Amino acid sequence: MTKNLGALLLAALAAAAPAAAHHSFAIYDMDQNINFDGVVETVKLRNPHMAMTLKVTKDDGTTGVVNFIEGAPINMIVRLGLDPADIAVGKQIKAVGAPLRDDPHSYFLKAIILPDGRRFSVIN
Amino acid sequence: MLKPASTAALAAALFALGGCERPEAPAAPVAAAPQHPDFSGLFFPAGRQQDPQRPEYTPAAAAALAEYEKAFQLDDDPGRYCQWPGMPRASWGAPFTVEIQQRPQDITIYWEGYGMYRKIYMADHNPPEAILPSAMGHSIAHWEGDVLVVETTDLKQYPYMTRQATSSDAHVVERMRVEERDVDGQKVKFIVNELVLTDPKVYKTPIKITGTLRHRPDLQLLEYTCTDALWDEYLSERGLTLPDMDALPPPGPQP
């Protein structure tokens, strides 16, 4: 059912434009899929765009914070089956981001991947 | 007003409860209320078609569009700042749950997206007068057989030229019906809304839009508070930090 709803969400998102799309996403390099593995530091479960910061450990052992300044509406993500408890502060997750063109340290949150492999995304 | 069948059932129930004498049957039969399709329930947007695909603007509106496109970018978008799309844009729906509650005197539609709602008043139930121009306008409906015909006026202008702009002269007529369709071997209820937008100041010809909603009783209407990010931006600009109530320690033993 969740898979079907995901397809329906995507279809509806496309059909609903221009009423649903808030902006062009041109400010992001959406062709990029940068993978991160880290611990949720802050999370905003909100609409029209959720937001999150992720504490990651770099290859040299130092830590940094990845700023996902926006993502899908949280209502869409939970409707796909994500339990907000799975992305609570302190949870280990993987995330896929597209960098902001003017600030490569800020990202659009394209996908959330839980430790059990479940992936939540409304944008390919 | 109770339907005749309900009145009879109520009388029988009162008789059984009170042990009183059965009231006499009414002298003249009362005509049964017509049964109309029921739009009530939880739905999800399931598609939209528009004709013409590219609306033809009046010369004045085309000039306004050219100016708009020079000054505005796609990111300068009212939706991002929680402005309701309103009618007719709401009718085909953002990809969020829609709940419809139907009563004999009116229909209320709640859109999860943007937290929008709309009232449609039935013409034969003493509808109120329009008071203020609004994003959803003033909607009065009547039945033509199984089709609900809704006329909407008193819309405030929506001057976002790349998002189906409308002036306050816009007039919307919807013809809404219930269809049962076969989906994966199961009968599923759909609401089909054939809408005609007429706005002679903006468009040379009427625009026909058909929006479809699919019955999804398994969904919930979630809260959609759109202004959280705007409030956060304000707090950031002011250098204010809200207390974290969830981080407060649990209560200790009472003295």
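Biologist: What should I know before we start?
Modeller: This is a predicted model, where local features need pLDDT of at least 70 and side-chain atom pairs count only at pLDDT 80 or more, while totals for chains, interfaces and linings use all residues. Residues are numbered from 1 along each chain as its sequence is written, and chains are lettered from A, with ligands numbered from 1, in the order in which they are written.

Biologist: Why is A:Leu114 called partly exposed?
Modeller: A residue is buried if 20 or more other C-beta atoms lie within 10 Å of its own, exposed if 12 or fewer, and partly exposed in between, with C-beta atoms placed from the backbone. A:Leu114 has 16 such atoms within 10 Å, so it is partly exposed. You will find A:Leu114 in the loop between β5 (106–113) and β6 (119–120) of chain A.

Biologist: Which residues does A:Leu114 touch?
Modeller: Leaving aside residues up to four places away in sequence, A:Leu114 touches A:Asp86 and A:Ile93. Touching, or contact, means that the two C-beta atoms, placed from the backbone, lie within 7 Å.

Biologist: How do you know that β1 and β4 of chain A pair?
Modeller: Two strands pair if DSSP finds at least two bridges between them. Six bridges join β1 (residues 34–44) to β4 (residues 92–99) in chain A, and these strands run antiparallel. A:Asn35 stands opposite A:Val96 in β4(A). β1(A) also pairs with β2 (residues 51–57) of chain A, again antiparallel and over six bridges, and a hairpin of six residues joins β1(A) to β2(A).

Biologist: In what order do the strands of the chain B barrel come?
Modeller: Nine strands close into the barrel in the order β1-β2-β3-β4-β5-β6-β7-β8-β9, with mixed pairing. The twist averages 30° from one strand to the next; axes are lines fitted to C-alpha atoms, for helices over the stretch in contact, and angles run from 0 to 180 degrees between N-to-C directions. Within chain B, β3 (residues 106–111) and β4 (residues 116–122) run antiparallel, joined by six bridges, and B:Tyr110 stands opposite B:Tyr117 in β4(B).

Biologist: What makes a group of residues a nonpolar core?
Modeller: The members are buried Ala, Val, Leu, Ile, Met, Phe, Trp, Tyr and Cys residues joined through C-beta atoms within 7 Å. The largest has 40 residues, and those touching the most other members include B:Phe43, B:Ile100 and B:Trp111. Apart from it lies another core of 19 residues, among them A:Met50 and A:Leu109.

Biologist: Why is helix α3 of chain B said to lie largely in the open?
Modeller: Of the eleven residues of α3(B) (residues 228–238), the number buried is one, so the helix lies largely in the open. Just after α3(B), B:Gly239 takes a positive phi of about 70°.

Notes
Helices (H or I, at least four residues) and strands (E, at least two) are DSSP runs, numbered from the N terminus.
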